[in-house]
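Q: I have just opened this model and would like to learn how to read it. Could you walk me through a few features, one at a time?

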Amino acid sequence: MKDALRSDAPPLRVLARRFLASCVGRLIIGAAGLLTGVRAVWAGTTPKAEQTLYFANHTSHGDFVLLWATLPPDLRAVTRPVAGQDYWMASKARQFVGQDVFNALMIKRDGSAGGPNPVEQMTEALNGGDSLIMFPEGTRNTGDEIMLPLKSGLFHIAKACPQVRLVPVWIENLKRVLPKGTLVPIPLACSVRYGAPIALADGEDKAAFLARARQAMLDLRPEHDRDEPVADPAPAAPGAPEGRP
């Protein structure tokens, strides 16, 4: 109470907001476990208190929630999901969850001119000491493909931040738990599989690095999913913006 009365202490409303955000965070973690039975599988690495960029497949709005929820508490506290500003700033409730609970790095996904460059935003956050969760496909994969082609952002970040561990992640089953257009989750066990870190090799070009990053993610699929054929990624459309993740 004495701290709250000091002139340099945060106002009571700020402390109350932090407390509420902490409670909501715990509720989200509990709900994720209850609805999906999510478990972390550290297949090629172990949780480390080192600055990390987790890059994962993307099939649902709940992807980063599961990844964030499966991190140990000390790593979760310093890891920020990269999230679409258009979605998370659309209402006061989403804004509170996105900013106060997840401390998300908000990016503009529509490519509009005049806004900050998402890759530069992520690079700045990493250089500032944050760890990040990103989805290099750039958008949710709602089709039948195993994975969409990776955008160039992951390559540019790897080049700009060589000190950051790059950990591939595969999120299993969430697309089946929350199919497109449904509001009520279908109970089904999910897993978040963390692979061995990769790094940009000396002289490695963008195409080679992205192909290797993509394969590192695909290699984390459980055995029963590996029978599905994986098409080679289509080349990026001419004129596609290079700065977008």
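Q: How many salt bridges does a search of the whole structure find?

A: Happy to start there. This is a predicted model, and a search through the whole of it turns up five salt bridges. Let's go through some of them.

Q: Which residue forms a salt bridge with Asp100, and how far apart are the closest N and O atoms?

A: The partner is Arg17, and the closest N and O atoms of this pair are 2.7 Å apart. To read such a pair, look at where each residue sits.

Q: What does Arg80 form a salt bridge with?

A: Arg80 pairs with Asp130, and their closest N and O atoms are 3.1 Å apart. Arg80 lies in strand β3 (residues 79–84), while Asp130 is in the loop between α7 (118–127) and β5 (131–134), so this pair ties together parts that are 50 residues apart in sequence. Arg80 has a relative accessible area of 15% and is buried, because the cut-off for buried is under 20%. Asp130, at 22%, counts as partly exposed.

Q: And which residue forms a salt bridge with Glu204?

A: That is Arg212, with 2.7 Å between the closest N and O atoms. Glu204 is buried, its relative accessible area being 17%, whereas Arg212 is partly exposed at 32%.

Q: Let's turn to helices. What describes two packed helices?

A: Two things: the angle between their axes and the distance between those axes. Here, take helix α8 (residues 153–160) and helix α10 (residues 206–218). Their axes come within 9 Å and cross at roughly 105°. The two helices, α8 and α10, are therefore roughly perpendicular to each other.

Q: Which residues of α8 and α10 meet?

A: On the α8 side, look for Leu154, Phe155 and Ala158. On the α10 side, they meet Lys206, Phe209, Leu210 and Ala213.

Q: By class, how many residues in the contact of α8 with α10 are nonpolar, polar or charged?

A: Sorted that way, the contact of α8 with α10 has six nonpolar residues, no polar ones and one charged residue.

Note on methods: Residues numbered from 1 in each chain as written. Predicted model: local features only at pLDDT ≥ 70, side-chain atom pairs only at ≥ 80, totals over all residues. Heavy atoms only, no water. Axes fitted to C-alpha atoms, helices over the stretch in contact; angles between N-to-C directions. Helix = DSSP H or I, 4+ residues; strand = E, 2+ residues; numbered from the N terminus. Parallel < 35°, antiparallel > 145°, perpendicular 65-115°, else oblique. Contact = heavy atoms within 4.5 Å. Nonpolar A, V, L, I, M, F, W, Y, C, P; charged D, E, K, R; others polar. Salt bridge = Lys/Arg side-chain N within 4 Å of Asp/Glu carboxyl O. Buried < 20%, exposed > 50% of the residue type's maximum accessible area, 1.4 Å probe, protein only.
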